[in-house]
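Dear colleague,

I am handing over the structure below, and I would be glad if you could read the notes that follow it with the coordinates open beside you.

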Amino acid sequence: MDKADILIAGAALNGLAAAVALAGPRALRPLDVLVLDQADPGKFARDSFDGRASAITHSSRRMLEALGVWDEIAVHAEPMRDIIVTDAKPGAAARPALLHFGEEDHGGQASAHMVENRHLYAALLDAAQASPNIRLQGDTRISSYSFGPGLARVTSATGGEAQASLLIAADGRASPARKAAGIETYGWSYDQSGIVTTVAHERPHGGRAEEHFLPSGPFAILPLPQNRSSLVWTERAEDARRIMALDDESFLAELSRRFGGHLGELKVVGPRHAYPLSMQIAQSFIGERLALIGDAAHVIHPIAGLGFNLGLRDVAALAESIADAVTLGLDPGSASVLEAYARWRRFDTVMTAVATDGLTRLFSNDNPGLRAIRGLGLRAAGSLGAFKGFFMREAAGETGRLPKLLQGEAV
Ligand SMILES: Cc1cc2nc3c(=O)[nH]c(=O)nc-3n(C[C@H](O)[C@H](O)[C@H](O)COP(=O)(O)OP(=O)(O)OC[C@H]3O[C@@H](n4cnc5c(N)ncnc54)[C@H](O)[C@@H]3O)c2cc1C
């Protein structure tokens, strides 16, 4: 029987971030952490990981600095200097900008940094592997779970067993740990898929992110280093299946029609992935000896690029709740620690999910009435400085009681 202070199910972005926060090189009171994943974490790092890129907000960047991983990530990060939002049909000659967020809305700084997930993953994996307090075990599918009294225990498909004071479930949207604990979820599918790929273009993007609200859903062009952009191309699920099956030439033709010609000739330079899009929130973020983080706790539409940032906010709040308890000599998996974590995260998560869902419904629709209303709404938003400031701070996770890690302080 393997024993640890904390068990983490899932070694993708949120599971690794939690391990590094609790036991990485910068942790003030490192715990003994065992991380289990059904995949081989080394394979993730060698391959393209999940093909996605994430917009890392200011507070998330401060947290990655406090964890000691930002320097490795920064060389692959592209500052997002401008965001424009348009509402037009694909192929339209002109796409007037309805809304513009620039550095002036952010005290002269870039609003976020775009980083390919493979680089986020590699930096977190390096930090986890460098820590003597973190044991990473790949190729280990957890097949059964028991929670309490006093401990969480798991058994792997090959019969190995492990126990700890707390199990952190970072095992994704289908979270077997959440299901085993009998925690239900609220939510719905959008009947949309997000097609993700990377393109190289002839002309520089100048750090500009573009969100084009096309009839089938948002088409986001997100700046990456070296004249490349990451695309999140939303389509109805059925159309996405057809597009994913196209040969390379036809795929590029469909993509170019939506992208527009402003950055010159395009070339697809990354693999294509399609992700089903849904909104899902766990009815509780905790159970006995169990804390849910990341997609195991909440899945939101990528329209505002906030999913992983929300996961980092979970990690920061949970790590601080645990560190406070450990300082007082308390059990890190006790009900009082878990309740403090759940109280801290619930409101922010629900607010972000509701706002994201509202945006998705308003913009993934070609109804002419809605088109007119959103034009009016966005123009008003664009001209109201205070509203824009509030919206940007909310999206950047700068409101409410910020956990120390998100302020750049170690725990
Ligand atoms: C199209 C798209 C674009 C996005 N863009 C952004 C963006 O710009 N910014 C942003 O912040 N977020 C973005 N997101 C959201 C973000 O990518 C996710 O929230 C994040 O990757 C979730 O990570 P996770 O670690 O919680 O879960 P996952 O990546 O799902 O990892 C779960 C892990 O658990 C393991 N696992 C599962 N079951 C078991 C088991 N039984 N035993 C052992 N291991 C198990 C799996 O192998 C996996 O490694 C986007 C999402 C989509 C779909």
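Helices and strands are named here as DSSP runs numbered from the N terminus, a helix having at least four residues and a strand at least two. Please keep in mind throughout that this is a predicted model.

I begin with the ligand. Its shell is supplied in part by helix H1 (13-23), strand E4 (53-57), E10 and helix H9 (307-327), each of which gives at least two residues. There are 30 residues around the ligand, and those that come nearest are Asn14, Asp37, Asp295, Gly305 and Phe308. Sorted by class, the shell comprises 15 nonpolar, 10 polar and 5 charged residues.

An N or O atom in the side chain of Asp37 lies 2.7 Å from an oxygen atom of the ligand, while a polar backbone atom of Leu13 is 3.5 Å from an oxygen atom of the ligand. A nitrogen atom of the ligand, in turn, is 3.3 Å from a backbone N or O atom of Gly307. On its own the ligand has 1000 Å² of accessible area, and the protein covers 90% of this.

Strand E10 (residues 142-147), which contributes to the ligand shell, runs antiparallel to strand E11 (residues 152-156), and 5 bridges join the two. Within this pairing, Tyr145 stands opposite Val154 in E11. The two strands form a hairpin with 4 residues between them, and in the turn Gly148 has a positive phi of about 80°.

Elsewhere, an open sheet of 6 strands has the order E9-E3-E2-E13-E21-E20, with mixed pairing. Strand E9 (134-137) and strand E20 (286-287) stand at its edges, and because each has a single partner strand, one side of each is left without a neighbour in the sheet. The partner of E9 is strand E3 (residues 33-36), and the two pair in the parallel sense over 4 bridges, with Leu36 having Gln137 in E9 as its bridge partner.

Finally, I looked at helix H5 (residues 117-130). The buried residues of H5 are Asn117, His119, Leu120, Tyr121, Ala123, Leu124, Leu125, Ala127 and Ala128.

With kind regards

Notes:
Residues are numbered from 1 along each chain as its sequence is written. This is a predicted model: local features need pLDDT of at least 70, side-chain atom pairs count only at pLDDT 80 or more; totals for chains, interfaces and linings use all residues. Side-chain values use heavy atoms; hydrogens and water are left out. Two strands pair if DSSP finds at least two bridges between them. A residue is near a molecule or strand if one of its heavy atoms lies within 4 Å of it. A polar contact is a pair of N or O atoms within 3.5 Å; within protein, one must be able to donate a hydrogen and the other to accept it, and residues adjacent in sequence count only if both atoms are side-chain atoms. Accessible areas come from the Shrake-Rupley method with a 1.4 Å probe; for residues, only the protein chains shown count as cover. Ala, Val, Leu, Ile, Met, Phe, Trp, Tyr, Cys and Pro count as nonpolar, Asp, Glu, Lys and Arg as charged, and the others, Gly among them, as polar. Buried means under 20% relative accessible area, exposed over 50%, partly exposed in between (1.4 Å probe, protein chains only).
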